[in-house]
Amino acid sequence: MNRRAFIRLGGLAAVVPAVTAGRAQAAEAVGQGVTVREPARDLPVAESADVVVCGAGPAGVAAALASARKGAKTLLLEQHGCLGGIWTSGLLAWLLDIDNKKGVMAEITQRMTALGARTFTAGGKPTGAYDVEAMKALLETLCEEAGVQVRYHTRAAAAVKADARLTHVITESKSGREAVAGKVFVDATGDGDLGALAGCGFDVGHPETGLTQPMSLICLVAGVSPADIKAFYNDLDSPSSWAAPKDALRAAMEAGGHSPSYAKPSLFRVRDDLFILMANHEYGCKGTDARDVTRATLHARKELNALIDGLRGTGGVWKNLRLVATAEQIGVREGRRLHGLYTVSANDLKAGSRFDDAVCRATFGVDVHALDPKKTKGIEAQTWKAKPYDIPLRALVAKDVQGLMFAGRCISGDFLAHSSYRVTGNAVALGEAAGKASAVAAQGGRLPSSVAFAELGS
């Protein structure tokens, strides 16, 4: 046996039962769930930065922009092939809780408007809708202008700490397994992946049952006229509530032979010939389990095709309805809620809490999508209404891991509070604050926990 063949077989020995056990025994052992030991190896430190941001959704992009604009060398890692996360790869082309937001969020809406990429009512009022492809291009332009280094198709796979301080994130990509060094890290993965890998404590789901809100796969549809389907969507200037168009759309779908898994299916006009459709709920799935996410995605895509085919089969205003695209990534409402120096709670929403270190004022209400489809397939009713409330900087600083901040829906909060602050307008504001604080800490050789609110600047 030559040397190359020996090395190749030696590498296999770590993952295949002993050859002497025979093929049948090996197959049986694998079937019984025998573990494998991954060989230890030295990884190249492929890149280094002052601030490393994992996840390039609304929160991650805002964090990277804010950090770079503060003068910090900033690296933004993203598992997909575009920036924007749920805004783009998730096709949720509808902005929520943005009206009171300044900074990066206001800049994005202003530049999208200038590009002709936002949707307006007949009365000239902007809606929440926008052109997804324009958003992808704009976010890349903003990052390029700010000097953010972007790396696509790269996922955080592990973390390295020196004592309690995070020093490297281990990535997996087409380039293999590599280490990325940073002075400060921001977890903007949505599901709190980096925090969990680094040993940060977290909570998932309802505190009593562990159930999480359902996932939803968004799609784009065409072949309908706004004038013809005005009873099935709301463009904000309409005097009718959102409830009537949703109920009418569900009835139309049921007439086509399919009742949607979400009781309040919704159409949103992006352009006169293009609409967003949100009609799907995937219950009993965890966003932190790849098998669950896969099962949910397969079922959701099948359902959307059936709903659209059924509608088209009814003829009339739906006769030319066509599915244009389904999201690359199913929308996950709930992942991990990482433990920070402060936990935003339902009591903060009830009281409309104010903080001296407030980095975001959330105005979106409690929005818990059905946990148990046997009880409801819509939004769970609440006995109280949230008041506008502040999210303090402390909720973005890791409690258990030094050198780590959070941004977006994985910040420190309880189940009900999360259902309110998780929307994207808030995610951008949280990301911007995390990026500023991380840059200040990194450039000063400090920990994020030592950064005072006043140091963030305007």
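Me: Which residues does Ser 438 touch, leaving aside its neighbours within four places in sequence?
Reply: Ser 438 is in contact with Val 51, Val 184, Val 186 and Met 405. Contact means heavy atoms within 4.5 Å. This is a predicted model, where local features need pLDDT of at least 70, side-chain atom pairs count only at pLDDT 80 or more, and totals for chains, interfaces and linings use all residues. Residues are numbered from 1 along each chain as its sequence is written, and side-chain values use heavy atoms, leaving out hydrogens and water.

Me: Is Ser 438 buried or exposed?
Reply: Buried, with a relative accessible area of 0%. Buried means under 20% (1.4 Å probe, protein chains only).

Me: And which helix is Ser 438 in?
Reply: Helix H11, residues 424-443. Helices are DSSP runs (H or I, at least four residues), numbered from the N terminus.

Me: New topic: at what angle do H3 and H5 pack?
Reply: About 20°, with their axes 9 Å apart. H3 covers residues 58-69 and H5 covers residues 132-146. Axes are lines fitted to C-alpha atoms over the stretch in contact, and angles run from 0 to 180 degrees between N-to-C directions.

Me: How confident is the model, on average?
Reply: The chain averages a pLDDT of 92 (the predictor's confidence in each residue, from 0 to 100), and 93% of the residues score at least 70. Over residues 1-30, though, the pLDDT is below 50. Where pLDDT is low, the predicted coordinates should not be read in detail.

Terms used:
Helices (H or I, at least four residues) and strands (E, at least two) are DSSP runs, numbered from the N terminus. Buried means under 20% relative accessible area, exposed over 50%, partly exposed in between (1.4 Å probe, protein chains only).
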